Amino acid sequence: MAEQENSKDLISVLWSGADILRSKMDANEYKDYLLGIVFYKYLSDSFLIRVYDLIYDEKPETLKAALDAYREALEDESAEELKNEIKSACHYVIEPDLTYTCFADAARNNSFNREQLQKAFNNIEQSDPLFADLFADIDLYSNRLGAGDQKQSDTISSLIKEIDKADLLNSDAEILGNAYEYLIGQFASETGKKVGEFYTPQAVSKILTRIAIAGQESKKGLSVYDPCCGSGSLLLNAKRYSTDPRNIRYYGQELNTSTYNLARMNMFLHGIAPENQNLRNADTLDADWPTGEETEFDMVLMNPPYSAHWSAAAGFLQDERFSDYGVLAPKSKADYAFLLHGLYHLKNNGTMAIVLPHGVLFRGAAEGKIREKLLRSGNIYAVIGLPANLFYNTSIPTCIVVLKKHREGRDVLFIDASKKFNKGKKQNERTDEHIDAVLELYEKRETVAKESFLASFEDLEKNDFNLNIPRYVDNFEEEERIDLGDLLSEMKKTDAELQSAQSEFASLLHDLVCEDEKTAASLREYMQMIEGGSE
């Protein structure tokens, strides 16, 4: 309960920081300032706590006490040794005057200097490749912050003071990570269709992760890969369901640089050790990755951009990811290119779960050939239809395709979960009860009337390898029978009420006085029409 309260307080403080920027720029811009400065506070506070622990082998009472102890230690002859030790532990070193604690004091005393904050950002970025260009999206000199130097500086100063109210000293990684996650979700909701791509709603993340991790929850050194990782939220769900979360290895690739930076911050804020973070800023389809020591993963999770354009250049037919299929996903629809990329990087005993538009289930031509090959190889394990309007950037209904690399059977489980949701104002919502119901059907792997169907390979063949869910799951609900006698008496009652209203209206028209003869003639004609209709 206390943890929930802490999380709520933290969210409330961080969200109030957004209010300072909301009137000046849209959510897609101010998210970079807010999340970036929160992240710098996290780095600074973590650093001071670690320094104090190294000096006194205990947690400090306050960050101010930790800063004072740090200043004092730097005057000692063993200062270099301390710096090396802290660099080894944190991968960065922050000078006392560049700590967030110092900036917050300066902001409260109206002596804050944003050049110092810029210097602090630069120092972190240059301290380790892990942090390279991490704060590149935060322009501390932008006109968006206000007109002129003073107003711009005041905006940043106000933001620093507000965020300083967040007590990170007494918040563990889970609380901070959840608060950060909440903020990312709020930004996705505010930016809507413009940049909803950077975030997969938690309900969808949960179901994808629970499907992919099923049977692997207690695996030591679990590896998880998301080739379109956005802010990293989908990847990070794995730690919720693993019994050995500290040793999960995360691999993610993201095309958009701002979003990639967000994912890197998100990893740290969830307490993921640097050696377990493997994130890359690049085009997943353009060049294969990972290609080093670890190239296959226990779990592959994906929510790629739907029906995106890609080059589909002929050279890709020689690419190992696509060469077995003889054709490429069409230029205008990269859905199967993403799917095949993910499958290529799946371990033989792993599970992949990908969200795609329904078109992948039935479109023909090259996509039909790829789908048939996947089905003949037994790679498609399950197809789950999701409700419409679950995502921030599209209202179309989507489906989850579950894939396995090598298995004995070639049957496919179809689940129609399109009605398992609560209607929301902006997006439809799925509760944990809805998710549990889908997981139960998935684990049972059998036919349940109106909900699921276990199709044999012969069933798939008969349907020309068309995987459109209504072909397999009949969720038709018979409409309630209508009593004609009741309907007739209802119609008579409605008719009588209508005649009564028309008579009353006609009598009101008789009271009207009109001096213009032409208008009076039109009025008489209209009254005759009304009275005729009410007889």
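Q: How many disulfides does a search of the whole structure find?
A: The model is a predicted one, and the search of the whole structure finds zero disulfides.

Q: Why is C228 called buried?
A: Buried means under 20% relative accessible area. C228 has 13% relative accessibility, and therefore counts as buried.

Q: What makes C90 buried or exposed?
A: The cut-off for buried is under 20%. C90 has a relative accessible area of 10%, so C90 is buried.

Q: What makes helix α13 mostly covered?
A: Helix α13 spans residues 335-344, and nine of its ten residues are buried. Among them are D335, Y336, F338 and H341. The elements that the buried residues of α13 pack against include β1 (223-226), β5 (346-357) and α15 (365-376).

Q: How do you know whether α3 and α5 are roughly parallel or roughly perpendicular?
A: Helix α3 (residues 63-74) and helix α5 (residues 100-108) pack at about 115°, and their axes are 10 Å apart. Angles of 65 to 115 degrees count as roughly perpendicular, and α3 and α5 are therefore described that way.

Q: Which residues make the contact?
A: From α3 come L63, K64, L67 and R71, and from α5 come T101, C102 and D105. The residues of this contact of α3 with α5 comprise three nonpolar, one polar and three charged.

Methods. Residues numbered from 1 in each chain as written. Predicted model: local features only at pLDDT ≥ 70, side-chain atom pairs only at ≥ 80, totals over all residues. Heavy atoms only, no water. Disulfide = S-S within 2.5 Å. Buried < 20%, exposed > 50% of the residue type's maximum accessible area, 1.4 Å probe, protein only. Helix = DSSP H or I, 4+ residues; strand = E, 2+ residues; numbered from the N terminus. Contact = heavy atoms within 4.5 Å. Axes fitted to C-alpha atoms, helices over the stretch in contact; angles between N-to-C directions. Parallel < 35°, antiparallel > 145°, perpendicular 65-115°, else oblique. Nonpolar A, V, L, I, M, F, W, Y, C, P; charged D, E, K, R; others polar.
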